[in-house]
Amino acid sequence: MTRDGGAAAIRRALPICALAVGLLLSCRREPEPPARAVAAPRRVVTLAPNLTEIVFALGAGDRLVGVSEYSDYPEAARNIARVGGLEVDPEKVAALHPDLVLAIAEGNAQGTVRALEAAGLPVTVTPSGSLDSVLESIRIVADRLGRPEEGQRLARELSRRRDAVRAEVAGRRRRPRVLLLVWPDPPQAAGGQTFLNDVLTEAGAENLVADRRGWPVLSREYVATAPVELLVMPESAEARSAWESAFSGGALSTGLISRARRVRLDEAALTRPGPRVFDMLERLAEATR
């Protein structure tokens, strides 16, 4: 029966029900049963380290059954099954039978996300391009985990800390000129329209390559002559020797950049759009005074 035909049949039946007083109760519409609550996911896979950190920060780390290769914080994340690094293996993800997969819009190959969705797995994609996106991702993940209050509470606290940095930075007379190198040799910097450019700007810095979109590789001539006052160095055990080599005789050994003030920050905390980046924001704000 078509929708219009069904409606006409109902309209014709109404007078009959009105006349059949003895059958009134049977014609009365029963109240709708209460909506069944959607069960919170219990088997969660994260396809990026920042999402792993967010899940733990929301108190739901025990639900993780799979994480991306570089998920190493907190320590408990190291013991969870890996599903791949930059290239996620959809088969590994599916084999874990997750009832929620978390991905980021920028880092995960769209083909992987589409493959997981085609397999019937529920995938939630979160933003990651700014500090605002970090806060929004926290709220989104919290809602999907059935922990909205925890998400709102965490986002409010991080927003409060950012507002304090903004207020302090707003009172300064000038912004120091800064380069943030994601790799020392060849020097590769965080340029405009990136998450790290947003962090630098909010911390009170003037990013010297903000006019270059993405992650520009800089020439030796540029880094030797650019008016760098502060060099931000994301440090990790894997990159330590590369930094030492760059300063001892490589691309950072001569010119203005060799004499710039240096601030060393934990690479994972700085470069991952997760809760710890607000620690780095505060550190950078102190360094740019």
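Which exposed residues does the face of α5 turned away from its buried side carry? That face carries Q110, R114 and A118, where exposed means over 50% relative accessible area, buried under 20%, and partly exposed in between (1.4 Å probe, protein chains only). This is a predicted model, in which local features need pLDDT of at least 70 and side-chain atom pairs count only at pLDDT 80 or more, while totals for chains, interfaces and linings use all residues. Residues are numbered from 1 along each chain as its sequence is written, and side-chain values use heavy atoms, with hydrogens and water left out.

**Overall make-up**

- The protein has 13 helices and 9 strands; these are DSSP runs numbered from the N terminus, with helices (H or I) of at least four residues and strands (E) of at least two.
- Of the 289 residues in the protein, 46% are buried.
- Among contacts with a separation of 6 or more, 60% join residues 24 or more positions apart, a contact being heavy atoms within 4.5 Å.

**Largest pocket**

- The largest pocket holds about 1300 Å³ of space. A pocket is an open set of points on a 1 Å grid over the protein atoms alone, where a 1.4 Å probe fits, with protein on both sides within 12 Å along at least five of seven lines. Grid points are joined across faces, edges and corners, and the volume is the space filled by probe spheres set on the points.
- Its lining has 37 residues, with P49, Y70, L86, T271 and R272 nearest the centre; a lining residue has an atom within 4 Å of a point.
- The lining has 13 nonpolar, 14 polar and 10 charged residues. Ala, Val, Leu, Ile, Met, Phe, Trp, Tyr, Cys and Pro count as nonpolar, Asp, Glu, Lys and Arg as charged, and the others, Gly among them, as polar.
- At least two lining residues come from each of α3 (49–57), α8 (195–202) and α12 (267–271), and α12 gives the most, with 3 residues.

**Helix α5**

- In α5 (residues 110–118), T112, V113 and L116 are buried. They lie on the same side of α5 because they cover an arc of only 100° around the axis, the arc being that of the directions from the helix axis to the C-beta atoms.
- These buried residues pack against α4 (90–95), β3 (100–104) and β4 (123–126).
- T112 has a relative accessible area of 8% and, leaving aside its neighbours within four places in sequence, is in contact with V88 and P90.
- After α5 comes G120, with a positive phi near 90°.

**Helix α13**

- The buried residues of α13 (residues 277–287) are V277, F278, M280, L281, L284, A285 and A287. Seen down the axis, they fall within an arc of 165°, so they line one face of the helix.
- Their packing partners are α6 (131–144), α7 (148–170), α8, β8 (230–235), β9 (261–266) and α12.
- M280 is buried at a relative accessible area of 7% and touches L265, D266, A269 and L270, not counting residues up to four places away in sequence.

**Helix α10**

- S245, in α10 (residues 240–248), is partly exposed, with a relative accessible area of 42%.
- S245 and D185 are 60 residues apart along the chain, and their C-alpha atoms are separated by 8.4 Å.
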